[in-house]
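Morning, everyone. Let me put the model up, and then I'll walk through a few spots.

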Amino acid sequence: MNKETQHKLATRHLRADEYDILRDINDRVYQGVGTPWAGEEITALIRRFPEGQICIEDNGVPVAIALSLIIDFSLFGSQHTFHQIIGDGTFRTHDPEGDYLYGIEIFIDPEYQGMRLGRRLYDVRKELAENLNLKGILLGGRIPGYYEHASQMSPQQYILKVKNQELHDPVLTFQLSNDFHVRNLLPSYWPKDHHSRGHAVLLEWINIYYEKKTRLIGGAKSVARLGVVQWQMRRFGSFDDFMQQVEFFVDTVSDYQADIILFPELFNAPLIHTHGDSNPAEAMRMLAGYTEDMRMAMVEMALTYNINIVTGSVPSLDESGTLRNVSYLCRRDGTWDSQAKLHITPDEDAHWGFTGGNDLKVFDTDIGKIGILICYDVEFPELPRLQALEGMKLLLVPFWTDTKTGYLRVRRCAQARAIENECYVAISGSVGNIPKVETMGIQYSQAAVFTPSDFSFPHDAIAAEATPGIETTLVTDLDLDLIKELRALGSVRNAQSRRTDLYKLGWIGKNLDP
């Protein structure tokens, strides 16, 4: 049997556990040029965009590989570098809502050259761009033949001669034959590519089937309207009275076509007086008995009023009888999820017997990815950093503080989180008092919505803030596309500038993998 008939080729998605094979092929293709890829980088790319990482296998082993991501071209424009496109190896530049598929790499095992595997990979990319309704494919094409002519002509002249078929370039000629056209030169695109003298050609393939996008039903919105409740603590005669007040705010904020509403931490605490004969720890456990009914009622409200509801936080008992401080996200599609408070203050431990949760989440919603941190948690910068690395653009912080001193700790940390993570942060607290309720006598709050600090945002980095000490609501619009632009083009770019060669941040738990 000859060698030709022994091949068994198939196209599929690349797996993270095939990194060693990828690295071996890459090293043999780019001898002397070096390679930017590390195992964690490829793992991150596959996790962010598995559909875009394609390989051709022969008898189960990858022999040709194409890597790509989706970008918002307006954030990069016609002049960019390879490292800008890949976010310096983090691939946080991948934008599922972008308009172009960007080809960041194709390499083929040298032993399989001449089998037209490159054309097959390009065809799969084109099919992917069509299926995702993208405008087309962009790539920074190498010109490795340029080094032989660099002393006689400029890169622009070389590109033109290759385009006119006066010269042959092993990469550019192939790409032009695959229906790509030249947009412009990318000087200093990849300085390590010495054969190309660091240059590349911005090439484009146009998807003729592209249809201008309108926001699909259920698709993520670019501008989200947020409602924040500053809640008055008062005594309620019953659980039904309490829920009536909750529904008043949901109804009111939904009338302004808000997308999401945030309530404060432990906002159902007024019901604790119904267990007045119990000590604080026992009363908090009894209060948890209302939680399931409250959650179900608020899921129904989310559906009825067409608004996502973040329930502030409430005490909740798990199956083992452990008491936690939990916030519920009730989506307007009828689904729900939860985030437990991770860090318990000394008073919460001593008086109420709360135990910290173990999971940190980033939630998918119809306004994009959001995070929830309850009060004290926002004072730990590692948590929102991990959430931001997972794409969070809006952080919601229900809090409860009794004094202005405690409030300012929450506020100032929330403002710092907005700046360092390039995201919006909203805080919601309670005001007033609950007479004859031990450990919860007074509350202080000034609800607010904070922004990053850059030219596109308010000069004081505050989108809205309430009058302290009164029951009220804030309703404000948040442009989520500004967050995307800031992270790519801001005056400073905290996420991109992190020195991951010097320090790393990791989640030990199982549910988050930034």
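First, a term: buried means under 20% relative accessible area, exposed means over 50%, and partly exposed is in between, with a 1.4 Å probe and protein chains only. By that cut-off Tyr209 is exposed, because its relative accessible area is 56%. This is a predicted model, where local features need pLDDT of at least 70, side-chain atom pairs count only at pLDDT 80 or more, and totals for chains, interfaces and linings use all residues. Residues are numbered from 1 along each chain as its sequence is written, and side-chain values use heavy atoms, with hydrogens and water left out.

Where is Tyr209? Tyr209 sits in the loop between β7 (200-206) and β8 (223-233). Strands here are DSSP runs of E, at least two residues; helices are runs of H or I, at least four; both are numbered from the N terminus.

Next, Lys192. Lys192 is in the loop between β6 (181-186) and β7. Lys192 is partly exposed, at 47% relative accessibility. Lys192 and Leu176 are 16 residues apart in sequence, and 23 Å apart in space, C-alpha to C-alpha.

Now the sheet. Six strands form an open sheet, in the order β14-β15-β16-β17-β20-β21, with mixed pairing. Two strands pair if DSSP finds at least two bridges between them. Which strands stand at the edges? β14 (363-365) and β21 (462-465) do; each has a single partner strand, so one side of each is left without a neighbour in the sheet. β14 pairs with β15 (residues 368-372) in the antiparallel sense, over three bridges. In that pair, Phe363 stands opposite Ile370 in β15.
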